[in-house]
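My entries follow in the order in which I made them.

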Amino acid sequence: MPDGDNGADGTPRRRPQHAPHSSPSAPAGPDALGDRGPSQGDRGPLGRPRSFDELLAEASAVSVDGWDFSWLDGRATEERPPWGYAGLVAERMARARAALDIDTGGGEVLAGVPRLPALTAATESWPPNVARATARLHPRGAVVVATREGEALPFADAAFDLVVSRHPVRARWDEIARVLEPGGTYLSQEVGPASVFELVEYFLGPRPAEARGTRDPAAARAAAEAAGLVVTDVRTADLRTEFFDVGAVVYFLRKVIWMVPGFTVGAYRERLAELHADIARRGPFTATTTRFLIEARKPDGGKPDGA
């Protein structure tokens, strides 16, 4: 997703024009809601429960600019993938000679790496993010290159021994293989199939099988192998996500606009009222966020092993 989950039709969505990449180290992004459990976010003055209208009004008024989800602290939580992507990137960066981060967003992942290779580059296609990433990464000696989606990577063949990407818009396996040197490694965390679809389907009804089947890690493996890479690791995770009040859902859907296209409080007020009653009666609304990790190596000599 790009940096976010699939749209309701199952296709990966680019970040909206107001939404840069999320940070790996703070509650940010649709895969990084608050870490803490429920707070008093659904309580009004004197600790009384907030009414449905109060929750809607609050969530409708708050700004959804940027990609900081800290407003959801105490109102929504999400498990993190067990492999710790940022830590894996840091380990591999410490051993790399030349590294590339594709779709870096605001440079948040690289900014958290303790030791960057002497030659470190990053690409990003959304202009405001290019500025953010440049401000973060230039002091670290990393170059940020503005790109356009769908175009070839602006680097020479075999330029990097490490390429990474967190939630790429679309993995260009042919280009990844081209810019990796023989023996080089690609590491990526991607959005998995039907991520948070319980919430999508609550509002839109059952999605077709083709929508639920996109972003399949098996398809990513096949594409990597077709590009001549050797897949060395694939891990998947189903992660519990909880929304503790209807305001949290409204905020999330206003911000992550591709989940329920055209979402407005007015258009879905009746369904939101049902959700508010469900949460009051049964507890948090739960959904499953899906992620997968894939790592691949370019064989020495640029040919698949055994070729």
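Which unit do β3, helix α4 and β4 make, and of which hand? I find that β3, helix α4 (residues 127–137) and β4 make a β-α-β unit that is right-handed. By the convention I used, a crossover is right-handed if, with the strands pointing away from the viewer, the path from the first strand over the helix to the second runs clockwise. Helices (H or I, at least four residues) and strands (E, at least two) are DSSP runs, numbered from the N terminus.

Notes on the source. This is a predicted model, in which local features need pLDDT of at least 70 and side-chain atom pairs count only at pLDDT 80 or more, while totals for chains, interfaces and linings use all residues. Residues are numbered from 1 along each chain as its sequence is written, and side-chain values use heavy atoms, with hydrogens and water left out.

Overall counts. I list 10 helices and eight strands for the protein. Of its 307 residues, 54% are buried (under 20% relative accessible area; exposed is over 50%, partly exposed in between; 1.4 Å probe, protein chains only). I also looked up contacts (heavy atoms within 4.5 Å): among those between residues at least 6 apart in sequence, 72% join residues at least 24 apart.

Strand β3. I looked up its cover and its neighbours. Five of the six residues of β3 (residues 119–124) are buried. Strand β2 (residues 98–101) pairs with β3 in the parallel sense over four bridges; two strands pair if DSSP finds at least two bridges between them. In this pairing L100 is opposite A121. Strand β4 (residues 143–146) also runs parallel to β3, joined by four bridges, and A122 is opposite V144 there.

T123 belongs to β3. I read 1% relative accessibility for T123, which therefore counts as buried. Beyond its neighbours within four places in sequence, T123 is in contact with residues including L100, D101, V145 and F155.

Strand β2. In a regular strand the side chains alternate between the two faces of the sheet. I checked both faces of β2: A98 and L100 on one side are buried, as are A99 and D101 on the other. Three bridges join β2 to strand β5 (residues 160–166), and the two run parallel. D101 is opposite V164 in β5.

Aromatic pairs. My search of the whole structure gave 11 of them (rings of Phe, Tyr and Trp, its six-membered ring, with centres within 6.5 Å; planes under 30 degrees apart count as stacked, over 60 as edge-to-face and the rest as tilted). F203 and Y268 are an edge-to-face pair, at 5.6 Å centre to centre and 85° between the planes. What does this pair tie together? F203 lies in helix α6 (residues 197–204) and Y268 in the loop between α9 (246–255) and α10 (269–282), so the pair ties together parts that are 65 residues apart in sequence. F203 is buried at 9% relative accessible area, and Y268 is buried at 17%. Y268 also pairs with F263: the ring centres are 5.6 Å apart and the planes at 15°, so this pair is stacked. I noted that F263 is buried too.

A further entry: ring pairs link F69, W71, F243, Y251 and F252 into a cluster.

Charges over rings. I applied the limits of NZ of Lys or CZ of Arg within 6 Å of the ring centre and within 35 degrees of the ring normal. The charged end of K255 sits over the ring of F69, 5.2 Å from its centre. R271 lies over the face of Y202, at 3.6 Å from the ring centre.
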